[in-house]
Amino acid sequence: MSGIDHARRQILAWGAAMAGVTLAPGVTLFQLAQGRPPAEPASKAVRWGMLVDANRCASDCDACVTACDKENGLSGARTPTSAQWIRKVELKDLRGGPAKSAPVMCQHCAEPPCVDVCPTGASFKRADGIVLVDRHTCIGCRYCVMACPYQARSFVHEPVTDQKPEVPRGKGCVESCTLCVHRIDRDRIPACVEACAATGHKAILFGNLNDPASEISQRIAQFSTTALRPDLKLNPGVRYQGL
Amino acid sequence: MADRGNFGGTFGGGARARARRRATGLAFVLGCVLCGVLGGALPAIAAEGPASRVPKPVVAISAPGQCVEDTQFMLRNHMEILKHHRDQTVHQGVRTTQHSLANCVACHASKATGRVTGSKDAFCESCHRFAAVTLDCFECHADHPPAGIATNAALPGVVPR
Amino acid sequence: MTHAEFTRRESRWFWALLLLLGLVALAGFAAAHYMEENGHIVTGMNNRIVWGLPHVFAIFMIVAASGALNVASIGSVFGKPEYKARAPLSGLLCIALLAGGLAVLMLDLGRPERMVVAATHYNFTSVFAWNVFLYSGMFAIVAVYLWTLMERRMNVYSGRVGLAAFVWRIVLTTGTGAIFAFLVARQAYGSALLPPLFIVMSFAWGLAFFLAIQSAVYAWNGGTVPPELLRRMRNLLGLFIAGVLYMTAVQHLTNAYFARQVAFEQFILLTGGVYPMLFWVGYVAAGSVVPLVLIYHPRLGGTASVLAASLLTIAGAFALLYVFIIGGQAWPLEIFPGYEASSTFGDGQITAYAPRLPELLLGMGGVAVALLIIAIGLRVLPFAPVDERKAAVAAAAGDD
């Protein structure tokens with residue numbers, strides 16, 4: 001049609017292109033923080049962490065523990081030799097304050113003692129802050145179990161069958177909470193966080209500690225939170241509120 | 001402990017006795033070598049005959065299509081591929097499916113049992129038994145595809161060769 | 001008895017000894033295999049007490065191995081000739097104990113078949129990774145040291161190699177103590193005092209083991225240790241026993257001074273049941289005070305006293321290590337200071353531990369391996385101290 005203003009169209013086209021180019025990195029960054037493509041390695045631009053609100057945690061609830069058992073193929077038994085990656089700790093204040101309850105799992109420290117003591121380097125910290133055990137290299141010496149200040153590690157005492165395909169685990173190696181790394185890498189949240197939200201307590205929050213806009217960073221900026229055993233200066237990725 | 005001192009010289013005898021001992025020793029060693037060679041060669045010669053007593057592995061592949069790599073390449077290098085990929089997955093969080101163990105299991109699981117181990121005809125176990133190489137993977141890894149994934153089909157994201 | 005009769009009878013006793021030790025070693029390997037096949041569930045260990053009885057055996061043997069070389073060091077490094085005659089035996093004991101201790105340690109791993117992984121992947125912030133080199137280096141250095149001692153033309157180098165071996169073993173034992181010293185989170189460990197404590201323990205236990213074996217060697221051949229030498233070695237043992245007692249006392253007194261450690265010290269020393277009993281009765285009384293009396297009392301201190309003192313010191317060492325390693329794990333971690341914690345994973349509770357047969361057999365198997373190396377070594381090579389051999393030959397000649 002002859003009335004078309006080609007110059008205007010061109011400006012609009014360039015404008016759209018410029019806007020796209022300007023916005024695209026932002027969109028990509030958003031995607032990086034939320035979920036990365038499978039071929040891309042984890043990066044330290046992200047630091048995964050959790051915030052546990054002990055005020056919201058109910059004493060008679062162990063939904064997080066049950067969910068973890070189910071997600072990771074743990075037996076659910078509670079004998080001294082059974083693996084438990086997360087447990088509910090009931091707390092009685094010795095100074096006479098109110099009783100409290102909170103889940104304890106691997107704290108994913110920035111300075112993990114378990115990583116320092118592992119002779120083969122099987123216990124390691126991933127770039128995005130998750131502390132894991134490479135079971136291909138673990139020789140089962142249990143030095144990391146001795147070193148962990150939070151008693152987070154379990155040793156597998158008997159042959160394991162019926163493993164979940166996303167969570168390989170076997171006899172003779174040490175293991176602990178993986179922050180559901182197989183879910184995180186596929187843009188989901190840890191099973192314990194999901195289960196706690198489903199009960200309505202919403203006591204555990206998961207997010208990127210390196211992103212100031214994330215809900216977890218905002219809550220940490222707003223409320224008083226603490227690490228467990230802060231005197232050890234391990235800078236854990238799991239923080240607690242209400243303790 | 002009595003003073004044995006010179007351990008080598010306690011058997012006594014003269015130069016001739018020593019020479020005799022040396023000859024016997026040499027004959028013994030040669031005999032061992034001969035037995036070893038024959039023991040290794042004879043079954044190989046026998047295998048070329050009509051009725052081979054060497055059990056061959058059962059390679060039963062129920063999945064349609066081709067493997068992600070060429071068969072000869074896989075025979076020689078599948079362990080290296082798996083090792084490299086596992087380090088990338090565990091340490092860096094790379095979760096591509098092309099060379100993942102989960103994908104191998106998904107395609108190669110037996111049609112009947114849905115597993116790659118558990119019987120002498122299962123895909124992984126059959127060859128590993130033949131080659132007498134310990135199969136350590138499935139002490140920790142599940143030997144069947146994840147729930148919700150059909151057996152004998154590649155995982156999502158796998159590019160056919 | 002004629003010389004021929006003596007030789008025949010002695011030979012039979014020797015093969016009987018080898019058979020006995022071989023059977024115990026075999027039982028140990030069978031136990032290790034059973035543990036590997038079925039997992040550690042067949043032991044008494046659990047998620048809170050991960051290092052059990054096998055570690056008590058292993059750490060005793062490794063610490064004693066380093067100390068057993070002391071006798072040779074006194075000869076080579078400090079230049080005392082009577083000790084020089086005992087240096088080869090001292091080196092043999094070092095190698096044997098180290099081999100036995102490492103065998104137990106490696107077979108107790110959750111995945112002992114991954115030894116190659118341990119030898120090819122290293123994280124050098126870990127003392128265990130350093131230990132791979134320290135222990136294998138110890139074997140090599142002691143082997144070279146034995147060569148310089150036993151081959152006449154190499155004798156001139158024995159002083160320098162002896163010094164290297166002495167320094168190496170100080171580093172090695174410091175590493176063994178550092179295994180525990182570097183554990184910041186546990187109230188029983190995490191102390192800079194532990195490496196020096198382990199060094200003094202190595203002096204005491206190594207010498208005790210050496211004296212016990214020396215008594216056995218002399219008794220086997222019907223000889224006696226020269227009395228003056230016996231007196232000096234026994235006094236040295238007394239000094240080392242007192243040294244360990246001192247350092248242990250300082251460790252516990254300092255710990256008990258801190259308010260946050262008081263509850264743990266009360267548990268270990270007073271209320272913890274088996275642990276205070278093993279500490280006071282097993283280590284302090286039977287393992288330190290009684291040996292000191294046997295050594296220093298004017299009417300005691302003869303051959304039998306020294307043997308008894310050595311064996312009691314070794315028993316006391318096991319008691320102390322049991323309290324240290326297992327008692328230290330039984331006490332719960334203090335994750336929530338100011339709160340009383342409880343959970344399904346043992347928080348806030350003292351964990352019970354009862355060793356089971358596979359663990360005991362594995363530990364004893366390691367001891368048997370060490371004794372086998374010593375017995376066979378003494379048989380085929382001239383490790384026995386020279387004055388003993390001359391006396392034995394003279395005694396045998398005199399009987400004809």
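Q: Two strands pair if DSSP finds at least two bridges between them; which residue in strand 10 of chain A is the bridge partner of Thr225(A)?
A: In strand 10 of chain A, Thr225(A) has Gln241(A) as its bridge partner. The model is predicted: local features need pLDDT of at least 70, side-chain atom pairs count only at pLDDT 80 or more, and totals for chains, interfaces and linings use all residues. Residues are numbered from 1 along each chain as its sequence is written, while chains are lettered from A and ligands numbered from 1 in the order in which they are written.

Q: Why are strand 9 and strand 10 of chain A said to pair?
A: Strand 9 (residues 225-226) and strand 10 of chain A share 2 bridges in the antiparallel sense; the rule asks for at least two, so the two strands pair. Strands (E, at least two residues) and helices (H or I, at least four) are DSSP runs, numbered from the N terminus.

Q: Which strand is joined to strand 10 of chain A by 4 bridges, and do the two run parallel or antiparallel?
A: Strand 1 (residues 48-53) of chain A is joined to strand 10 of chain A by 4 bridges, and the two run parallel. Within this pairing, Met50(A) has Val238(A) as its bridge partner.

Q: Are the residues of strand 10 of chain A buried or exposed, and which of them point one way?
A: Val238(A) and Tyr240(A) point one way, Arg239(A) and Gln241(A) point the other way, and all are buried. A residue is called buried if 20 or more other C-beta atoms, placed from the backbone, lie within 10 Å of its own, exposed if 12 or fewer do, and partly exposed in between.

Q: How many residues does each of chain A and chain C bring to their contact?
A: Chain A brings 46 residues and chain C brings 39 residues; residues are in contact if their C-beta atoms, placed from the backbone, lie within 7 Å. On the side of chain A, strand 2 (86-93), helix 3 (113-117), helix 4 (143-147) and strand 6 (154-155) each give two or more residues. The largest share, 7 residues, comes from strand 2 of chain A.

Q: Why is chain C called as compact as a globular protein of its length?
A: The radius of gyration of chain C is 22 Å, close to the 21 Å that the globule rule gives for 400 residues, so the description applies. The radius is taken over C-alpha atoms, and the rule is 2.2 Å times the number of residues to the power 0.38. Chain C has 14 helices and 1 strand, and 50% of its 400 residues count as buried.

Q: Where do the domains of chain C lie in its sequence, and where do their bounds come from?
A: Domain 1 covers 1-169 + 363-382 and domain 2 covers 183-351, with bounds from an automatic or database domain assignment. Their C-alpha centres lie 21 Å apart, and 24 residues of domain 1 are in contact with 22 residues of domain 2. Helix 2 of chain C gives the most to the side of domain 1 that touches domain 2, with 9 residues.

Technical notes
Contact = placed C-beta atoms within 7 Å.
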